[in-house]
Amino acid sequence: YLKIPPQVGCKQEVFDRRDRIMKIAGLSSGFLLFLMFLILYFAVSSWLLVIGVILFTGIIIATIKQHSRCHAQAKLGVIEIEQALGLFEPGAYFPDRGLYPEHWKVRPPIDYTLIFYSTCLIALAVLVILSLLMVM
């Protein structure tokens with residue numbers, strides 16, 4: 001029986017959340033591209049498909065945003081644990097500096113990957129809708 005320290009579990013949660021965000025964005029993008037090729041190949045179009053693409057994209061962006069919020073909370077938990085362990089304090093592990101750099105103490109205020117994934121999904125959704133409108 002191996003007991004995992006809480007820091008390792010929290011850190012793993014941070015990595016797992018980011019991994020889930022990447023997988024959701026990647027699979028959704030692949031689905032939208034596949035849908036666009038099917039629409040152009042079979043010349044199928046419908047207003048229901050346009051509405052479906054918009055709903056699908058909105059749901060996926062909301063899911064990614066939710067995972068991003070959970071990732072941020074887990075990251076703050078890891079930072080608190082690391083501060084309690086003294087990993088940032090000079091002299092605790094090395095005489096002249098902390099074990100971790102100071103900029104790791106603060107979570108970045110803007111999650112640029114969330115903006116990037118959302119922008120890419122919206123751009124792909126617009127391309128799919130344009131392909132639907134071309135076929136109509």
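**View 1. Burial across the protein chain.** Of its 136 residues, 30% count as buried (under 20% relative accessible area, with exposed meaning over 50% and partly exposed in between, for a 1.4 Å probe and protein chains only). This is a predicted model, in which local features need pLDDT of at least 70, side-chain atom pairs count only at pLDDT 80 or more, and totals for chains, interfaces and linings use all residues. Residues are numbered from 1 along each chain as its sequence is written, and side-chain values use heavy atoms, leaving out hydrogens and water.

**View 2. The fold at a glance.** Here you can follow three helices and zero strands, in the order α-α-α from the N terminus (DSSP runs numbered from that end: helices are H or I with at least four residues, strands E with at least two). The C-alpha atoms fill a box of roughly 70 × 35 × 20 Å along the principal axes.

**View 3. Contacts along the protein chain.** Among contacts with a separation of 6 or more, 77% join residues 24 or more positions apart; a contact means heavy atoms within 4.5 Å.

**View 4. Helix 3, end to end.** Helix 3 covers residues 112-135, and its 24 residues should span 34 Å at 1.5 Å a residue, which agrees with the 35 Å between its end C-alpha atoms. The expected span is 1.5 Å times one less than the number of residues.

**View 5. The buried residues of helix 3.** Look for Leu114, Tyr117, Ser118, Leu121, Leu124, Ala125, Val128, Ile129, Ser131 and Leu132, the buried residues of this helix. An α-helix has 3.6 residues a turn, so residues three or four places apart point the same way.
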